[in-house]
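Here is a short report on the model shown below. Keep the sequence and the 3D view open while reading.

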Amino acid sequence: MSHRSIHYTVCLAVLILSAHAREITQATKLTDYDSTTETSEEKSIFNENSEDKTVVDASSSNRENGISRALNVVNRKMPGPAIEVCQHDRIIVDVENDLMTEGTTVHWHGQHQRGSPYMDGTPYVTQCPILPESTFRYQFNASHAGTHFWHSHSGMQRADGAAGALIIRKPKSQDPHGKLYDYDKSEHVMIVTDWIHELSVSMFTDHHHSVGDNKPPTLLINGVGRFRIFNETTGPKYMKAATFDVEKGYKYRFRVINAEFLNCPIELSVDGHNITVIASDGYDLEPITATSLVTYAGERYDFVLEANNEIDNYWIRFRGLMDCDERFTKAKQVGVLHYEGALNAEPSGDPTWEELHNEGLQLNALNKGEEENETISVAEMKSLEGYDDSLKEIADYQFYVAYDFYAKNNSHFHRSPYYGYYQVPNKDNRLYTPQLNHISMKMPSSPLLIDRPSPENFCNASSLNETCKEGYCECPHVLSVRKNAVVEIIIVDEGVTFDANHPFHLHGHFFRVVGMRRLANDTTIEEIKEFDRAGLLKRNLKNAPLKDTVTVPDGGYTVIRFKADNPGYWLFHCHIEFHVEVGMALVFKVGEHKDMAPVPPEFPRCGSYMPDNMLEHATTEKPKTDGQHISITHWWPVVVMNNNGTSSASSLSSICGLVFVSSIWFLKFVIGT
């Protein structure tokens, strides 16, 4: 048996990659990182590829795009260290939490954790958060080949840099698209994200508790990009853009990972070149050649680019849509496609947001479904996978999941009667609440997969009454399905409040995208049901694409199917961080508890501590007496509340009166009057 090991030392942590008996082990450390205070030694360690993080003829002390800010990163790298293994390798990752006050978890986005549900990394669903100064070992099989990524699934940490590529490779001979490309290089992985210039929790707080916005000003490609303009003596200068090297005459496989956290779909195109999409979320597709591609938070796409143009440098154009479009921030970015033999320089100029669009066929366009003829939606893509049970004519379960932003007295932000939604005079200070079926997800204090509560501890649309449509309802939103059942979800974006867009991600399973359509600017579940009864809701039950993350057109629907063959509790949620953090999620309970994997020995636990009677609890030690002191049962006053609320006040009044009179008597005794 061969043994190979590779050692990388990165600042405070040691990143160890080894393969022994097909095991890959990695130790990671999550730390706070202030990009304004690094030493020159630290900077050289943090910038694994230092030329990607320098300034062209400008100050080298600025980070990312020329603006200094604090980060939350793994092993002092942003993006975090890439994990690249072979399919069926064993992955072992020790996550050490060095944050001062925050818990954390890591989700392996794209790995369905069959047989290892406790490794999914979802706080309060599959595990407890990893507390500061604690270490948690993730170990699972790399079963699903393709382009994936790992990221923190706690709070806003992903938005601040705690994410990295997870590439699981298989032999080219086993790739149905293997003959379409010559090279599949690690340096051709693109992690695209929106970017702000403060810690994301600051933006979250300012947006949800004041008048702050939620619009990112710019984008990053592999952690770098242009934004700040340095005007010195000879004109504008920028941070160096991400560069991707190719050689003329060859075809290259690129892997795009959308790791953004806000509502900012990203359009991608390459000057002078078409792209041929061959896979999404790790699943092979019939090749489609197009000019541009739109990706949404959590999605991954693989495309082939043929280097068949003149030897030169070409812009790779990225521009943000929706909350990043011309109405708001015009967030944009560029990369460079560099041909071997061309000058080591970027193309001239600084393209505007409007100029970053290349005309031609677009895939996965914003808020467009199968009703459009000039674009190709995800539902119109075709899988190379054969038929499976999820494509049978009638699903075993059908769930309508509708959502929008609602004007409600969400008790976290609008507490009636003090500052209810309509009691706030300044409309800019009013906050809409995004909900699924008028329910906000309330996570339990202990993970569902560990506690395995009874059904009466759950809620869903069938167990709640109509008052939730107008009032605010918050509870553990769980949909239960039996093992091996085929589940159909019709996700409806009502589209009333905003012209928005939401990508949804399912943990633990892949799904088929069997339908997608935009009906109007807004719609309702009742309209969609009538549309279906009239035979107008078309479903591709032949070769629908497989994915784990998909968008839903505003004022329309997306229909997905999956076979519930992975027992456990699995999160289904909007992948926009600001939305899932305020409850835009639900959980699928797949199978019965007896079908689920047993809790691993000594697995960490957490939860609330609520003794029945604190006054009589055994942990309260009674005072000791020696005959010289008065013995009392409790040193604090006992206050009893009754229905009319008077005994409490009278008891406190009596106590205060006694203390006051005793004080006066003692004072008179001391002064002798």
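Accessible areas here come from the Shrake-Rupley method with a 1.4 Å probe; for residues, only the protein chains shown count as cover. By that method, the accessible surface of the protein chain comes to about 30300 Å². Carbon and sulfur atoms hold 51% of this surface.

This is a predicted model: local features need pLDDT of at least 70, side-chain atom pairs count only at pLDDT 80 or more, and totals for chains, interfaces and linings use all residues. Residues are numbered from 1 along each chain as its sequence is written, and side-chain values use heavy atoms, with hydrogens and water left out.

**Confidence**

The average pLDDT (the predictor's confidence in each residue, from 0 to 100) is 85 for the protein chain. Of the residues, 81% score at least 70. Contact means heavy atoms within 4.5 Å.

**Overall build**

The protein chain holds 7 helices and 38 strands. These are DSSP runs numbered from the N terminus: helices are H or I, at least four residues, and strands are E, at least two. Among contacts between residues at least 6 apart in sequence, 77% join residues at least 24 apart. Of the 673 residues, 53% count as buried. Buried means under 20% relative accessible area, exposed over 50%, partly exposed in between (1.4 Å probe, protein chains only).

**Cores and cavities**

A nonpolar core is a set of buried Ala, Val, Leu, Ile, Met, Phe, Trp, Tyr and Cys residues joined through side-chain atoms within 4.5 Å. The largest one has 64 residues. Phe254, Phe318, Leu337, Phe504 and Phe588 touch the most other members. Apart from this core lies another, of 33 residues, including Tyr118, Leu166, Leu448 and Phe458. Beyond four places in sequence, the contacts of Phe588 include Phe399, Leu479, Trp570 and Phe572.

A cavity is a set of points, on a 1 Å grid over the protein atoms alone, where a 1.4 Å probe fits but cannot get out; lining residues have an atom within 4 Å of a point. Grid points are joined across faces, edges and corners, and a volume is the space filled by probe spheres set on the points. There are 6 cavities of 30 Å³ or more. The largest has a volume of about 150 Å³ and is lined by 15 residues. Met78, Arg158, Gly161, Ile191 and Thr193 lie nearest its centre. Strand β11 (residues 189-195) gives the largest share of this lining, 4 residues.

| Pair | Apart in sequence | Apart in space |
|---|---|---|
| Arg255 and Ile191 | 64 residues | 8.4 Å |
| Asn429 and His207 | 222 residues | 8.7 Å |
| Phe204 and Glu577 | 373 residues | 9.4 Å |

Arg255 sits in strand β16 (residues 251-258). Arg255 counts as buried because its relative accessible area is 5%. Among its contacts beyond four places in sequence are Asp184, His188 and Asp302.

Is Asn429 buried, exposed or partly exposed? Asn429 counts as partly exposed because its relative accessibility is 30%. Its place is the loop between β26 (397-406) and β27 (433-436). Beyond four places in sequence, Asn429 touches Ser210, Val211, His414 and Val424.

Phe204 belongs to helix α2 (residues 200-209). At 15% relative accessibility, Phe204 is buried. Its contacts beyond four places in sequence are Met156, Phe578, Glu581 and Val582.

Methods. On a 1 Å grid over the protein atoms alone, a cavity is a set of points where a 1.4 Å probe fits but cannot get out, and a pocket is an open set with protein on both sides within 12 Å along at least five of seven lines; lining residues have an atom within 4 Å of a point.
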